[in-house]
Amino acid sequence: MKRPTRTLQMALGMVALCVAWELIGRLQVFGPTFPPLSTVFGVLFSPDRQRLFSSAIGATGTSAVLGLTIGGGIGILIAAMRQAITATRPGLDRFAAAIHAIPQIGIAPVLIVLLGRDNAPIAVASIAAFFPSYAAATRAFDAALTAHHDLFTVLGSRRSNRLLMLELPAAVPGLADALRLAAPGAVLGAVLGEWFGAPRGVGLLILSSSQAYDIPLLWASALLATVLAMVGFGFFTILQRAAARRFA
Amino acid sequence: MTNSHPIQVAATLDQPAISLANIGKEFNLGRRRVVTALTGVTATIERGEFVALLGPSGCGKSTLLRIISGLEKPTSGTALVEGSSPEQLISDHRLGFAFQEHALLPWATVSENIAIPFRLARRPIDRARVSELVALVGLAGFESARPKQLSGGMRQRVAIARSLALAPDLLLLDEPFGALDEITRRRLNFELARIWAETGVTTVMVTHSVDEALLLADRIIVMATNPGRIETEVMVDLPRPRTAETLGSARFGELATELIRLLDHSEPSDES
Amino acid sequence: MNLARTFFSRWWAVIAVLVLWQLIVTVFNVSQFLIPGPVVIGQEIARDPLTYVAPLLSTVRTAAIGFVLGVGLGYVASSVTWLLPGLGGVVTPLALVVRSVPFVALVPVLARVFGYSDQTAWIICTIVCFFPTFVLVSTGFADVPANGDDLFSMAGASRLDRYRLLAVPASLVMLATSIRISASTSIAGALVAEFLMGRPGLAYVLSVALGELDMKTLWAAALIAIVLSIVAYLLAGQFEKRVIARWR
C-alpha cells in the first residue's frame, strides 16, 4: 500500500515538474533562456539532428563506460586489497576520500594537457567513478555473514578458498551496487571532460550550443546528459536486483 | 595453524574424545569492562558419546562449544580434542559443526552446500557420499534446489548433512533447531537421533530445550549463569531408540522434572 | 613517535602518490614545463603566493556562502515537506533530476537568467548544496512518520511538537552527512561558477593559465583547489563522526 502511494506521488511530481517547466517557458518567466519543455523536445526529436545526437550519445556513452570500467575497476581492486591487508585500511580510506574530494573542474584542465582532448573525458569519468565504487565495494567485501566465516574456519579453509568461495560470491550484489552508484557520476564526468573540448560528445554539444547562444539546443543537450546518467543508474539497478536474487 | 600447541599427545584408543581442564573465558568489552563468560569448567567426554550442554541463555554454553571447536580461545585452562588442540582437528578436517543459523551459502545448491567440506579440505568431491547424505537427511529430489527455496527445517537438514560430509571424529551442534517451530523441531530431534545412531560420532550439542536434550543425549551437562559454569551432570538412562513413546514414559517425566528443578536452581533469583 | 605512526598509517597512500609522481618526473626527465613535479609546484606557490591567496579567499568565500545557504535551505525545505506530507513525493523527483544535470549546462543557463555576477555564483553554489542536503535529510526525517499513533500524539503533542522532539533529532545524523558532502561540492560549485562565468577565484586562475598554456600556474592552482577541497572534506568528515558518536 505504501510503495504504490509513493510511486504515484513520484509520478505526479514528475508530471507537475514537466507542466511547471512548460508554463515557465511559455510565460517567459525567465526570458528566452528558459524555453518551454515542448520546444526542448522539439529540438531533441527533430529528424535533422538525430545523427548529431546519436553520435554525441555514442561518444559520451563510450567514455562513461570506459571510465566506469577503469575507475570502478580500480576502486573495486583497491577495496579488495584493503580487504586482504588490514594494515593498509586507514591509508587507503584516506586516499579514496582525497580522490573523492578532488574538484573535477580543477583537475580537468590538467588532464587535458596530460592526456589530450580525446582521453580527458575517460579520465574524468574514471575519477568520478572511483570513490562510489570503492566505498560500496568496501561494504560488499564485508557482506559475508559471521556464521559463514565461522563455518569456513571450522572446516579448515585456506585464505584463498575463503576469498574465492565465500567473500567474492557474497560481494557480488554489493559490487553491482557499486557500479550502480558510480554510473551517473561516470556519465557526468565524461560530459565535463568533453566540455573542455573533446572532438565529440554531449559535453561538446553543451559547450558549442552555449557559445552559439542556441538555448534550446543547450537545454536539449543538458536533458540528454541527465537522461543518460539516469539510464546508467537504472540499468545497473536492474543488474543489481538480478545479482541480489542470485547471490543472496 | 601449525602444531605449535605445547601439548601433543598421540591419540590412543582409551583416551577421552574431549578433555576440558579448568577452562575460563573472559570477554573484554573495552573501557576496562570485562565479562566472565566461563569459569573453572572441567569435563571429559568419551568417544561415541552424545553430550548435551543445557542451560539458560548467558550461561556460556555456546562459548564453551566454540572453545571446543577452536573458534574461540580460552582465557585460561586447556581444551584437548582427540589428544591435541582443537586447531589440529580443524586443520585435519575432522570436525563437523552445525550452527543455529543454517549458514548455507545462498548461491549454492543443496548438493553444492553439502560438498563444501570436500572442497575446503581440497579433496575430490565424493558424489556417492553426497547423495547418500542427501538421502540420510530425507532430501532426495532436492539436490539442485537453492536454500531460499527450502523451508527452515529443510535448511537445517542440509546443514546437518554438510556437517557429516567428511565423516568427522567430532560433531558440534550449536542449537541447530533453535530457530525452528516446535513441530518441525520435534521431528528433526527424532531424525537426528536416528542419524546419530547410524554414525555413532562423538557429539556435543548446545540446547536450552529439556526435551531435546533428553531425546538425544547420553549425558546432560547442566550449566549455570553469572559466571558461566558447570552446575551438575545428569546421566540419561532412557533406552534407545528413543521415539514418540519415550516422551510419554515415566522415566522421561522424572528426568525432565529433575532437569527443570536444576535449571530453576541455576537461574539467579532476579532476572537482570 | 606514536603520533608519527598514526599519521603515516593514514596518509601513506597519498604520500606514496606524491613521491611516485616526483620520482617519475625526475627519473624519466619529464619536461618540467609540461608536467612539473610536486616539488616544483610547491616552489612556484612559495615564490609567488600572492597570485593564489586572493583567488583562494574569493573561492572560499563563494563556497562558504553557498554552503550555508544550500545546507540551511535544504534543511528547511525537507522540514517543510515533512510537516506537509504529500509535498515530498512531488519535490523529490525534481531533486533527483537536478542532481543529474551537468554543471556545465546548468551554469550558462543560470548565468543568463540571473546575470554574470557574484550573486549568481552564490546561487549556483547554493543549488549544488541544496539538493543533496534535501534528499539526505528527508530520508532522516522519513524514519519518523508524520502521522503516528504513538505515545507522543496520544499525549496530545501537535505536529510541531513532534517535529521538534522526534523528527529533528532523527535528522541530525543525516544533516551531518550532508554537511560532509556539501563541504567539497560547495567548493566544486564555486570553481565551476568562477570558471564558466569568469568571476575572480582559483578557477579563473586555472582558466587563464589554460588559455595561456602557463603550466606551472595551472598545476599550482589545480593543486591548491584540490588540497582546499580535501581539507574541507576531511574536516567536515571529523565533524560528522562526532555527531554520529553523539546522536546514534
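**Entry 1: one residue in chain C**

I started with C:Ile244, which lies in helix H10 of chain C, residues 215-247. This is a predicted model, so I kept confidence in mind throughout. Is C:Ile244 buried, exposed or partly exposed? I counted 13 other C-beta atoms within 10 Å of C:Ile244. Burial needs 20 or more, and exposed means 12 or fewer, so I put C:Ile244 down as partly exposed.

Next I looked up its contacts. I left aside the neighbours within four places in sequence; C:Ile244 is then in contact with C:Val173 and C:Ala176. I also checked C:Val53, which is 191 residues away from C:Ile244 along the chain. The C-alpha atoms of C:Ile244 and C:Val53 are separated by 34 Å.

**Entry 2: confidence**

I looked up the pLDDT of chain C. The mean is 85, and 93% of the residues of chain C reach 70 or more. Which elements of chain C have the lowest and the highest mean pLDDT? Helix H7 of chain C, residues 151-154, has the lowest, at 57. Helix H3 of chain C, residues 50-83, has the highest, at 92. Where pLDDT is low, the predicted coordinates should not be read in detail. For the complex, I noted an ipTM of 0.86 and a pTM of 0.78 from the predictor.

**Entry 3: chain A by itself**

I moved to chain A and counted its elements. Chain A has ten helices and zero strands. I read its order from the N terminus as α-α-α-α-α-α-α-α-α-α. The C-alpha trace of chain A spans about 70 × 55 × 30 Å along its principal axes. Chain A has 248 residues, and 48% of them count as buried. I then took the contacts in chain A with a separation of 6 or more. Residues 24 or more positions apart account for 77% of these.

**Entry 4: which chains touch**

Two pairs of chains touch, and the pair with the most contacts is chains A and C. Chain B and chain C do not touch. Their nearest C-alpha atoms are 16 Å apart.

I listed the contact between chains A and C. How many residues does each chain give? Chain A gives 45 residues and chain C gives 46 residues. On the chain A side, several helices supply at least two residues each, among them H1 (2-26), H8 (159-195) and H10 (215-247). I sorted the residues on that side of chain A into 32 nonpolar, eleven polar and two charged.

Then I turned to chains A and B. Their contact takes 16 residues from chain A and 18 residues from chain B. H7 (146-154), H8 and H10 of chain A each supply at least two residues of the side that touches chain B. H7(A) gives the largest share of that side, seven residues. I sorted this side of chain A into nine nonpolar, five polar and two charged residues.

**Entry 5: a sheet in chain B**

Last, I traced a sheet in chain B. Six strands form an open sheet with mixed pairing, in the order E5-E6-E7-E3-E8-E9. Which strands are at the edges? They are E5 (95-98) and E9 (229-235) of chain B, and each pairs on one side only. Neighbouring strands of this sheet are turned by 15° against each other on average, direction ignored.

I followed one pair in detail. Strand E6 of chain B (residues 170-174) and strand E7 of chain B (residues 202-207) run parallel, joined by five bridges. I looked up B:Leu170 and found its bridge partner in E7(B), B:Thr202.

Notes: Residues are numbered from 1 along each chain as its sequence is written. Chains are lettered from A and ligands numbered from 1 in the order in which they are written. This is a predicted model: local features need pLDDT of at least 70, side-chain atom pairs count only at pLDDT 80 or more; totals for chains, interfaces and linings use all residues. Two residues are in contact if their C-beta atoms, placed from the backbone, lie within 7 Å. Helices (H or I, at least four residues) and strands (E, at least two) are DSSP runs, numbered from the N terminus. Ala, Val, Leu, Ile, Met, Phe, Trp, Tyr, Cys and Pro count as nonpolar, Asp, Glu, Lys and Arg as charged, and the others, Gly among them, as polar. pLDDT is the predictor's confidence in each residue, from 0 to 100. Two strands pair if DSSP finds at least two bridges between them. Axes are lines fitted to C-alpha atoms, for helices over the stretch in contact, and angles run from 0 to 180 degrees between N-to-C directions.
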